[in-house]
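Here is a short briefing for a reader who has not seen this structure before.

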Amino acid sequence: MAKRKWGGMVFSTNPDYQAEIERPEYDDQPTLPEADQPLRIQRDTKQRKGKVVTLVTGFVGSEEDLKALGKRLKGACGVGGSAKGGEIIVQGDLVDRVHELLLEWGYRGSRKRGSGN
């Protein structure tokens, strides 16, 4: 996830000072075609109180397209989850099922061992 740059100014005593805040545009990155997406699929339990989730990372594109793919995956698996910050979280240990679905839909996906294995 991209970090925001707010500048080096913390406080100014000048009442006429106008800070210019540089805010990155997140949706200006074009979404790659399905076959060119370098997706990584892994099982994960970090910071989830021992619950196992399937984590899909490496999506290149807009946040709207990421959410659409997340919704499609969650619906096909019949589970909940979320899609934000460049990653899709699918509840449960569904690495094989998610990998099969992504291949079926034309995505490239590589499975890798994540935490909690």
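The points below are grouped by topic.

This is a predicted model, in which local features need pLDDT of at least 70 and side-chain atom pairs count only at pLDDT 80 or more, while totals for chains, interfaces and linings use all residues. Residues are numbered from 1 along each chain as its sequence is written, and side-chain values use heavy atoms, without hydrogens and water.

**Overall make-up**
- The protein chain has two helices and five strands, taken as DSSP runs (helices H or I, at least four residues; strands E, at least two) numbered from the N terminus.
- Along the sequence these elements follow the pattern β-β-α-β-β-α-β.
- Of the 117 residues, 27% count as buried, meaning under 20% relative accessible area with a 1.4 Å probe, protein chains only.

**The sheet**
- Five strands form an open sheet of mixed pairing, in the order S3-S4-S2-S1-S5; two strands pair if DSSP finds at least two bridges between them.
- Strand S3 (81-84) and S5 stand at the edges with a single partner strand each, so one side of each has no neighbour in the sheet.
- Strand S1 (residues 38-44) runs parallel to strand S5 (residues 108-112), joined by five bridges, and Gln-42 stands opposite Lys-112 in S5.
- S1 is also joined by five bridges to strand S2 (residues 53-57), here antiparallel, with Arg-40 opposite Thr-57 in S2.

**The helices**
- Helix H1 (residues 63-77) lies across S1, S2, S3 and strand S4 (87-91) and runs at about 165° to S3; axes are lines fitted to C-alpha atoms, for helices over the stretch in contact (heavy atoms within 4.5 Å), and angles run from 0 to 180 degrees between N-to-C directions.
- Helix H2 (residues 95-104) packs on the sheet and touches S1, S2 and S5, its direction making about 165° with that of S1.

Note on methods:
Buried means under 20% relative accessible area, exposed over 50%, partly exposed in between (1.4 Å probe, protein chains only).
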